[in-house]
Amino acid sequence: MRTLERPGRSYFILLSACTLLALVGVFSWYHQIREGIGVAGLNNPVKWGVYITNFVFWVGIAHSGTLISAILFLFRVRWRNTVFRSAEMMTVIAVMTAGLFPLIHLGRPWFFYWLLPYPNQMQLWPNFQSPLIWDVFAVGTYFIVSSIFLFLGLVPDLAAVRDRVAGLRRRLYSLLSLGWMGTNRQWRHYRSAYGFFAAFATPLVVSVHSVVSWDFAMSIVPGWHSTIFAPYFVAGAIHSGLAMVITILIPMRKYMDLESYITTDHLENLAKLIVLTGLIVGYSYVSEFFVAWYSENPFEQAIFSYRVWGDYALLFWFMLIFNSLLPLLFLIKGMRRGTVSLMVISILINVGMYLERLVIIVSSLAHEYEPYAWGTYKPSIFEIGITVGSLGWFLMWFLILIKLLPAVSIAEVKEILPIPGREESS
Amino acid sequence: MSGEVEVTGRYRDFKGFVASLKKLHEMGFGDRLITFSPVMRHELEEALPAGPSGVRYFTLIGSLLGCLAGVLLTVITSLRMNVITGGKPIISVPPFVIISFELTILIGLIVTFLGFLFWGRLPALKAHESYDRKFSEDEFAVVLSCLREDAEEVTLVMRENGASEVRVE
C-alpha cells in the first residue's frame with residue numbers, strides 16, 4: 001500500500017523527465033511520418049536498423065516478467081512473491097513498447113491493419129508462411145496474455161486497496177476489483193485460473209522469442225540462418241529481462257522504502273539467475289563461431305570474421321564482455337549483494353544485449369554474399385530520437401503504473417508471512 | 001426459509017479459523033460455508049476439501065477452439081488466395097502450426113479468464129451482507145446458513161475456536 005501513497009516532488013521530476021524523453025521520440029516519429037522513411041539511416045543493403053533492434057530488445061526485456069511470474073510460480077519458488085508484480089508490469093509495458101517498432105519501421109504506419117487477417121473485398125489474406133505474420137500473432141498473443149495475467153493477479157490486491165481508500169479512488173478500485181471479496185469459492189477458482197495462466201504462459205514465452213528469432217533464421221542471410229537462434233534468443237531475452245528487473249527494482253525499493261520486502265536476498269537470487277543465463281548466452285556465442293568454422297561455409301566464416309574485425313568490431317567486443325564475462329562477477333558473493341555492483345553490471349548487461357541485437361542485425365545485412373553489395377549503416381538523429389524516446393516511454397508508463405497499482409503483491413506477500421495464531425496473539 | 005438463520009464468526013486467529021472450518025465441515029455444513037480471507041493458504045483448502053475447479057473445462061474448450069480457429073484461419077484463407085509463395089505448398093503445416101499454437105494459448109487463456117469470472121461469480125455488483133473491509137486485511141470470517149435449532153451448536157464451535165465475534169441473524 002505504501003507504493004500507492006501520494007508521491008513526492010522527486011517522483012514528479014523523474015516522471016516529467018521521462019515524459020520529455022518520450023516526447024522526443026514522438027516528435028522524431030512525427031518528423032519521419034511527415035518527411036518519409038528516408039530520414040532514417042536505413043539503406044541498401046542495411047534495410048533493418050535500430051527499429052528492428054529496438055523491437056527485439058524490448059520483446060526480450062518483456063520475457064523476465066513471465067519467467068519470474070509464471071515459471072518460478074510453477075516451481076513454487078517463494079522469493080518471487082515480492083518481485084513478480086513489478087516484473088509483470090515491466091513485461092506489459094515492454095511488449096507495448098516493442099509493438100510500436102514494427103509500425104515505426106513500416107514507414108506508413110496507418111496501414112498497420114494490413115498485417116491482420118480481416119475479410120476484404122479484394123479477398124486478400126496475410127501470408128501465413130511469413131515469419132513477420134507469425135510475429136503479429138506471437139507478440140499480439142503475448143501482449144494480451146501478459147496483460148490479463150497481470151490483471152488476474154491484481155484482483156485480490158485491488159480489493160484490498162478498495163477497502164482502504166475513499167471517494168473517487170474507492171469507486172475506481174471497486175470497478176477494477178470486480179467486487180472481489182476473497183470467499184472460498186473465489187479463491188478456489190482464482191487459484192485454478194492462475195495455475196492455468198502460469199502453465200500456458202511458460203510455453204508462450206519460449207515461443208514468442210523463438211518466433212522473433214525466426215524472423216532472422218528463416219532467411220538465407222549469413223549469420224542469421226542458424227538452427228540455434230531460437231534457444232539463443234530465448235536465453236538472451238531472459239538475460240536482458242533479468243538485468244532490467246534489477247535495474248528497476250534497486251531504485252524502486254529505495255525510493256519507495258520497500259527494502260524490507262524486496263531484500264538483498266531477492267536481488268542476489270536474480271543475480272544467480274543472471275550467471276546462468278550469461279553462461280548460456282556465452283555458450284551460444286561460442287557455438288555460432290564453432291558452427292561457422294566447422295561448416296567450412298566461406299560466407300558464414302566471412303560474416304563471423306567481419307563481426308570480430310570489421311566495421312562493428314568495437315560493438316561486438318563490448319557485447320561479448322558485457323553479456324558473457326561481466327555476469328561472471330556475480331560468482332563473487334560480494335558482487336551479488338552489493339547494490340552498486342548489481343546496478344552497474346545490470347545496466348551494462350542491458351547495453352550489451354542491445355549491442356548484441358544491433359551486431360546480429362546490422363553486421364549480417366552489411367556484409368552479405370556479394371562484395372559489391374556490401375555497405376554500412378549509421379542511425380540518423382531521428383532514429384536515435386525514437387530509440388531514446390522509447391526508453392522514456394517505457395519508464396514513464398512504469399512510473400505511472402507503480403503509483404496506480406500495488407507494485408508488490410499484497411495477497412502473496414501475506415502468504416509467506418507467519419500466520420496469526422493463538423500462540424502469537426497470546 | 002423462516003426457520004433458517006445466518007451465523008457469522010469473525011477471527012483474528014488463523015489457526016482457530018481453520019479449526020472452526022474443519023469442525024463445521026465434520027458436522028456436515030461443508031457445502032454451506034462461505035469464508036472470507038485476505039489470503040489463500042493450503043490449510044484452508046485442506047479444511048474445506050472441494051473437487052477440482054470448473055475453470056479447467058473452460059481452459060480445455062477455449063484451447064480446442066483456439067487451435068481449431070488457427071487451423072481453419074490458415075487453411076481456408078490460404079486455399080482462397082491460392083498463391084504459391086517461396087515454392088512452398090499452399091497448405092504448409094509447420095508455419096500453420098505456429099499460428100494455431102499461438103491461438104490455442106490466446107483463446108484458451110481468454111476463455112480461462114471468463115471461466116474464472118463465471119465460477120467466481122464476478123463481477124459482483126453487490127457485496128455480501130456479512131463482508132467487512134477487514135477481511136481483505138488481516139481478519140477471517142465464516143458465514144453459515146443453518147436451521148435455527150443448529151445455530152447454538154454452531155455458535156459454540158466458533159467461540160470455542162477463538163472467534164472474536166459471533167453474530168446470529
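Two exercises follow, each with a worked solution, and both use a predicted model.

**Exercise 1.** Work out the strand order of the open sheet in chain B, and find which strands stand at its edges.

*Solution.* 
- Step 1: Let's start with the order. The four strands of this open sheet in chain B run β2-β3-β1-β4, and their pairing is antiparallel.
- Step 2: Now look at the ends of that order. β2 (33–36) and β4 (165–168) of chain B each have a single partner strand, so one side of each lacks a neighbour in the sheet.
- Step 3: From one strand to the next, the twist averages 15°.
- Step 4: Zoom in on one pair. β1 (residues 4–11) and β3 (residues 140–147) of chain B are joined in the antiparallel sense over eight bridges. Within this region, B:Arg10 stands opposite B:Ala141 in β3(B).

**Exercise 2.** Is helix α3 of chain A largely enclosed or left open, and what covers its buried residues?

*Solution.* 
- Step 1: Check the geometry. α3 (residues 63–74) of chain A has twelve residues and reaches 16 Å from its first C-alpha to its last, close to the expected 16 Å.
- Step 2: Apply the cut-off for buried, under 20% relative accessible area. Eleven of the twelve residues of α3(A) are buried, so this helix is largely enclosed by the rest of the structure. Among them are A:His63, A:Leu67 and A:Phe73.
- Step 3: Find the cover. It includes α2 (50–61), α4 (84–106), α5 (131–162), α7 (184–217), α8 (229–255) and α9 (264–295) of chain A.
- Step 4: Finish just after α3(A), where A:Arg76 takes a positive phi of about 55°.

Definitions and conventions:
Residues numbered from 1 in each chain as written. Chains lettered and ligands numbered in written order. Predicted model: local features only at pLDDT ≥ 70, side-chain atom pairs only at ≥ 80, totals over all residues. Heavy atoms only, no water. Pairing = 2+ DSSP bridges. Helix = DSSP H or I, 4+ residues; strand = E, 2+ residues; numbered from the N terminus. Axes fitted to C-alpha atoms, helices over the stretch in contact; angles between N-to-C directions. Expected span 1.5 Å × (residues − 1). Buried < 20%, exposed > 50% of the residue type's maximum accessible area, 1.4 Å probe, protein only. Contact = heavy atoms within 4.5 Å.
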